[in-house]
Amino acid sequence: MVHLASVPGPDTRQLAERPKKVQLQLSNDEDDFTTSVYGSRYAAQDLPRHEMPEREMPKEVAYRMIKDELSLDGNPMLNLASFVTTYMEEEAEKLMTEAFPKNFIDYEEYPQSAEIQNRCVSMIARLFHAPEGNSEHAGAIGTSCVGSSEAIMLAVLAMKKRWKNRRLAEGKPCDRPNLVMSSAVQVCWEKACRYFEIEEKLVYCTPERYVIDPEETVKLVDENTIGICCILGTTYTGEYEDVKGVNDLLMKKGLNVPIHVDAASGGFVAPFVVPDLEWDFRLEHVVSINVSGHKYGLVYPGIGWVVWRSAEYLPQELVFNINYLGADQASFTLNFSKGASQVIGQYYQFIRLGKHGYRAIMSNLTRIADYLSDSLEALGFIIMSKKSGEGLPLVAFRLPPKEDRHYDEFSLAHQLRVRGWVVPAYTMAPHTGNMKMLRVVVREDFTKNRCDNLINDIRSSQALLEQMDRESIKRQEEFIHKHHTASGKATHNHPKFRGYRERNTRSKARQARLTLSAKTAAHHERSFSIEQKRDIKTGQVVSSKTTAVQTANVGQQATLSLELPGGRQLMTFRISCPM
Ligand SMILES: Cc1ncc(COP(=O)(O)O)c(C=O)c1O
């Protein structure tokens, strides 16, 4: 008979009685990595973190150590939070790599790179129906930038300067410029206003409307308005704002106010998917447009564009005519040096794909976004984004209202993170009743197959959350936040700027920071909800009120979970004075 024999474990009693026979003999070959990088002493040491090391290390080791460290980053393909390009063809990559040593600003040394930029500006301006012409005042003008943020800074500076020059010529004060824009603007608009001392006049979204209302927008215009921003594809829901509506109202009322279109994402989508939509230079009041080459322009991060209807809208004082390395150059940028690779990558995409290629890609993205939208609707989600090309190819969605559900959009986002997906959860723009939402950006490499994988993972994540109790969900969320996200792990922020992100996510977020740092007036405290106060050592919930902390002991540590527009934030702080 054959016995199924079990393998016995070691007899620990016997082992303990035996004399130790093994002698530890570790290699001590200095600097030797001929066996492999992992056989070298570097593999058993810490990587230098704070101080530049005294000695060199072999290039193979440096490469492998950094590559290994970076493998803990997320997978860009699964990052559905970002609009930024994660796929380019090898030929494009090769061209871009070959251009690494070129400083784009050295026009004299690299005239072809400069020429290629000009070709791109020309193609983009024509795509946006800019008036053509070669005289001093006719014909569009534009430049490449690092991204839409720089492009917007330049456009805002131009609008401000033009307004100021006009006011000075009229003998009127020019110390209180303002910009009219949606409360759903990307943070770079807030940055531009703060850096250039311009008042933000916000047209608030509502729980039913996630874009500007043209009537309200035009009503906010006054003599100090330097311009109006309209967004072609808001960051929150991707919906296109009604640029034509604003333009026509300005015309009707005879108001001489310029419009800048923030077409960061939509600028390379709408012209191909909805070519009849009038949002660009076809509209008389549109004086400048920005677009990100690194979003639907299909280039790796580091490129944006800004185009003005004509040189008339770009005051001469802002343009620097510099003599650099023997050549006279006109330049309007915030930075001086930058790489030429991205400009070259953009030109590659333009000539490689042509209008037909861009249309084919954008059409597929629109189809996949519609498919995802329908599938999520079938799973019971409420869809907040537009379909069929009425907005960007993205899907913004939220859970249907249900009182006894013990998880929310943030819990679902955290759960998906475990599978590698980055699907951000947000709170909608101010004045929308703290509406929570999730958003999936459909990019070139998000195929139908990948979309199906995501839908399956959303379904199974929801099923898992349904089975979990409230406390376990919270504990798991905190763990994932702390160990899987950069904000949770961040330890390097200077104490003075801790909470920087919160302050820069507008309105409630800014106030939240004020409360925590200054512990000031009650109206700040009321403006954000504290979900939980936990003792950081025991992990026990001290309080789970949704109002601000009322009493706490000096020296006590607490963790607060704050609902902020940029996502849920966990903050740990020590009470340093009675609140
Ligand atoms: C509408 C809008 N404007 C501006 C920006 C900033 O663009 P960039 O990242 O190219 O600086 C973004 C980025 O997502 C955006 O969505």
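## A buried asparagine

A residue counts as buried when its relative accessible area is under 20%. In this predicted model, N224 has a relative accessibility of 15% and therefore counts as buried. The position of N224 is in a loop, the one that runs between helix α7 (214–219) and strand β4 (225–231). Leaving aside residues up to four places away in sequence, N224 is in contact with W163, R167, P173, R176, P177 and N178.

## The chain as a whole

The protein chain contains 17 helices and 17 strands, and 48% of its 579 residues count as buried.

## The annotated lysine

At K295, an unreviewed UniProt entry places the feature "modified residue: N6-(pyridoxal phosphate)lysine". In the model, K295 belongs to the loop that connects β6 (286–292) with β7 (304–308).

Is K295 buried or exposed? With a relative accessible area of 17%, K295 is buried, because the value falls under the 20% cut-off. When residues up to four places away in sequence are not counted, K295 touches F83, V84, T85, A264 and S265.

## Helix α8 and its cover

Helix α8 spans residues 243–253, and its buried residues are V243, G245, V246, N247, L249 and L250. The elements that cover these buried residues include α7 and β4, together with β5 (259–262) and β6. After α8 comes G254, a residue with a positive phi near 65 degrees.

## The packing of α3 and α10

Two packed helices are described by the angle between their axes and by the distance between those axes. For helix α3 (residues 90–98) and helix α10 (residues 341–378), the angle is about 150 degrees and the axes lie 8 Å apart. Because angles over 145 degrees count as roughly antiparallel, α3 is roughly antiparallel to α10. The crossing of these two helices, α3 and α10, is right-handed.

Which residues of α3 and α10 meet? On the side of α3 they are E91, A92, L95 and M96, and on the side of α10 they are S341, Q342, I344, G345 and Y348. Sorted by class, the contact of α3 with α10 consists of five nonpolar, three polar and one charged residues.

Conventions
Residues numbered from 1 in each chain as written. Predicted model: local features only at pLDDT ≥ 70, side-chain atom pairs only at ≥ 80, totals over all residues. Heavy atoms only, no water. UniProt positions renumbered as here; feature names shortened; annotations may be inferred. Helix = DSSP H or I, 4+ residues; strand = E, 2+ residues; numbered from the N terminus. Buried < 20%, exposed > 50% of the residue type's maximum accessible area, 1.4 Å probe, protein only. Contact = heavy atoms within 4.5 Å. Axes fitted to C-alpha atoms, helices over the stretch in contact; angles between N-to-C directions. Parallel < 35°, antiparallel > 145°, perpendicular 65-115°, else oblique. Left-handed = near helix turned anticlockwise from the far one by under 90°. Nonpolar A, V, L, I, M, F, W, Y, C, P; charged D, E, K, R; others polar.
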